[in-house]
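Subject: Model for your review

Hello,

The structure is below, followed by notes on what turned up in it.

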Amino acid sequence: MSTSSSSAKKSPDLALSKRPLSKDFAQRIAAWFKLAARDLPWRETSDPYRIWISEVMLQQTTVATVIDYYQRFISQFPTLESLAAATEDEVLKLWQGLGYYRRAKNLRFGAQMIMSEFGGKFPHTREEILKVPGIGAYSAGSILSIAHQMPEAALDGNLIRVYSRLYGIREPVDRGPVLKRLWEIARIHVPSERAIIREFTEGMMELGAMVCTPANPRCGHCPVQNLCVAYKKGIQLEIPLKEKRMKRKKLREIVFLRNRGNKIAILKRGSDKKFLDFHRLPFMSLDSESGIPAYDLKYKYAVTDRDFEVFVSRSSDKLPGQFKVRWVGIKDCEELLFPTIDRRILADFGAFLR
Ligand code: SF4
């Protein structure tokens with residue numbers, strides 16, 4: 001894939017007209033969405049608070065995973081007021097396993113801010129909504145258009161892919177001017193008819209999630225196939241281009257499982273700067289020079305741009321002296337906040353102890 005400046009000169013893509021791809025583009029997307037929409041719990045509400053929760057959960061997480069989390073969250077915190085009044089631990093506990101915990105903290109801060117600065121009313125304008133912690137341009141556009149049917153555009157990774165394929169854009173989409181143009185493209189496609197704004201926004205999201213997918217776009221099911229430059233040229237899989245390819249980091253750590261009967265050693269909370277909000281099993285990061293340590297179990301997991309290998313040492317040896325630990329019943333650990341990897345280890349070890 002070339003990302004050279006010569007391709008930028010040759011490509012006519014960004015000089016396209018400032019009109020939508022067709023006059024009835026939004027109507028087609030909205031009509032298709034009415035037929036194709038999946039039944040999702042956040043689609044049954046117009047409450048901006050609930051739509052906000054779903055939008056934040058859906059960042060970096062699949063729909064299938066989010067459904068249960070969303071339902072539990074909404075049943076415990078049905079309103080902005082209830083979330084604003086919650087403790088951070090209560091919110092993080094419900095978020096446990098979803099990852100990217102800053103999102104959960106920002107939701108709580110955001111709810112508190114809306115209570116204090118906006119009198120408990122969810123902001124109605126782009127300018128105000130952008131002041132809420134954790135709400136960026138995409139979430140602002142989706143909340144305003146879905147909850148309030150305001151003619152606001154939303155553009156996330158999925159929609160960048162859809163629009164850049166529709167226009168056949170062979171410029172790296174992470175270049176500032178290209179992204180700016182994609183926002184303009186998203187804006188000119190937002191319908192002026194209020195009645196279909198919600199269906200249009202949700203329809204574009206559904207198209208990106210279910211039809212115009214990264215690896216195998218189902219162009220035969222696409223409601224706007226005849227407008228799509230990438231489809232006509234057979235270049236769907238070459239788009240979108242990215243200039244900065246994320247380099248994945250490989251990280252390794254060793255976790256020490258030590259028990260006294262049914263009690264297990266855990267680090268005192270806050271004893272590691274990176275995990276201030278969590279309890280952790282005693283662990284050490286291993287540098288790239290270290291060989292593979294002696295271990296009993298090995299786990300692997302991935303987070304955005306990092307691949308982790310976790311070696312678990314389970315023995316009766318004394319813990320290395322630097323750890324400040326306390327001993328907690330394995331059952332009681334279920335009530336405590338742990339990162340996902342520790343919860344997996346504890347669940348496996350708990351089953352072993354029983
Ligand atoms: Fe995406 Fe294919 Fe539809 Fe083009 S025709 S927008 S590539 S699904």
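How many residues apart are Y49 and W52 in helix α3? They are three residues apart in helix α3 (residues 48-58), so about one helical turn separates them. Helices (H or I, at least four residues) and strands (E, at least two) are DSSP runs, numbered from the N terminus.

This is a predicted model: local features need pLDDT of at least 70, side-chain atom pairs count only at pLDDT 80 or more, and totals for chains, interfaces and linings use all residues. Residues are numbered from 1 along each chain as its sequence is written, and side-chain values use heavy atoms, without hydrogens and water.

Aromatic rings

Rings of Phe, Tyr and Trp (its six-membered ring) pair if their centres lie within 6.5 Å; planes under 30 degrees apart count as stacked, over 60 as edge-to-face and the rest as tilted. This rule gives nine aromatic pairs. The ring centres of Y49 and W52 are 6.4 Å apart with the planes at 65°, so this pair is edge-to-face. Both residues are buried (under 20% relative accessible area; exposed is over 50%, partly exposed in between, with a 1.4 Å probe and protein chains only). Y301 and F308 are stacked, at 4.7 Å between centres and 5° between planes. Of these, Y301 is partly exposed at 24%, while F308 is buried at 13%. Y49 and W52 also form one aromatic cluster with F122.

Charges over rings

R280 has its charged end over the ring of F283, 3.9 Å from the centre (NZ of Lys or CZ of Arg within 6 Å of the ring centre and within 35 degrees of the ring normal). R72 lies over the face of Y69, at 4.9 Å from the ring centre.

Regards
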